[in-house]
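Let's walk through this fold together, starting with the overall layout and then moving into the sheet and the helices on it.

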Amino acid sequence: MTDAARLKATVYVGGLDNAVNEKVLADAFLPFGEIVDVSLPKPDLPSSTDPHRGFGYVEFEIPGDAKEAIDNMDQSEIFGRVIKVSAAKPQRESNEGLGSRTAVWEQEGWLAKHAVSDEDKLAAEQARSALESRPDDPMQGLEGLDVAGPQLA
């Protein structure tokens, strides 16, 4: 199965209690289809006593089963805690986004999204020059408007 197909068949499960383990999570999602894998990421800090980070991933064999699990299990309860179930997102590169060691404007994705084309630069320059050529007096050109009311023809 390709990575894209695997991602479509995987659901994110958040808000898990520390008592939840991989077997409990698998048992909760088993009614929706054949489960390929269940993972509960461990805490990054070695000093942490938590068994997992409060979220996990359940990978189904068929993407349709994942959709059904999302529809039925989102906002349900496991061990007294309301869980959030949604489609899993692809894992970010370690050098992308906030928390990376690279400046955000030096990253490939940010530059592609926020780069300004030559057309846009030219349009901005024209708008700026049009603004500067306006008269300084905002009341200039309003000389004939000093009489209120309807005008007789």
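**A walk through the fold**

Let's start with contacts: among those in the protein chain with a separation of 6 or more, 61% are between residues 24 or more positions apart. Keep in mind that this is a predicted model.

Now for the parts list. Of the 153 residues, 22% are buried.

Strands of a sheet pair through backbone hydrogen bonds, in parallel or antiparallel fashion. Here, 4 strands line up in the order β2-β3-β1-β6 as an open sheet, and the pairing is antiparallel. Which strands stand at the edges? They are β2 (35–39) and β6 (84–87); each has a single partner strand, so one side of each goes without a neighbour in the sheet. From one strand to the next, the twist averages 20 degrees.

Zoom in on β1 (residues 10–14) and β6: they run antiparallel and are joined by 4 bridges. If you want a residue pair to look for, Val11 has Ala87 in β6 as its bridge partner.

Finally, look at the helices on this sheet. Helix α3 (residues 63–73) packs on it and touches β1, β3 and β6, with its direction at about 150 degrees to that of β6. Helix α2 (residues 22–29) lies across β1, β2, β3 (55–60) and β6, and runs at about 140 degrees to β2.

Technical notes:
Residues are numbered from 1 along each chain as its sequence is written. This is a predicted model: local features need pLDDT of at least 70, side-chain atom pairs count only at pLDDT 80 or more; totals for chains, interfaces and linings use all residues. Side-chain values use heavy atoms; hydrogens and water are left out. Buried means under 20% relative accessible area, exposed over 50%, partly exposed in between (1.4 Å probe, protein chains only). Contact means heavy atoms within 4.5 Å. Two strands pair if DSSP finds at least two bridges between them. Helices (H or I, at least four residues) and strands (E, at least two) are DSSP runs, numbered from the N terminus. Axes are lines fitted to C-alpha atoms, for helices over the stretch in contact, and angles run from 0 to 180 degrees between N-to-C directions.
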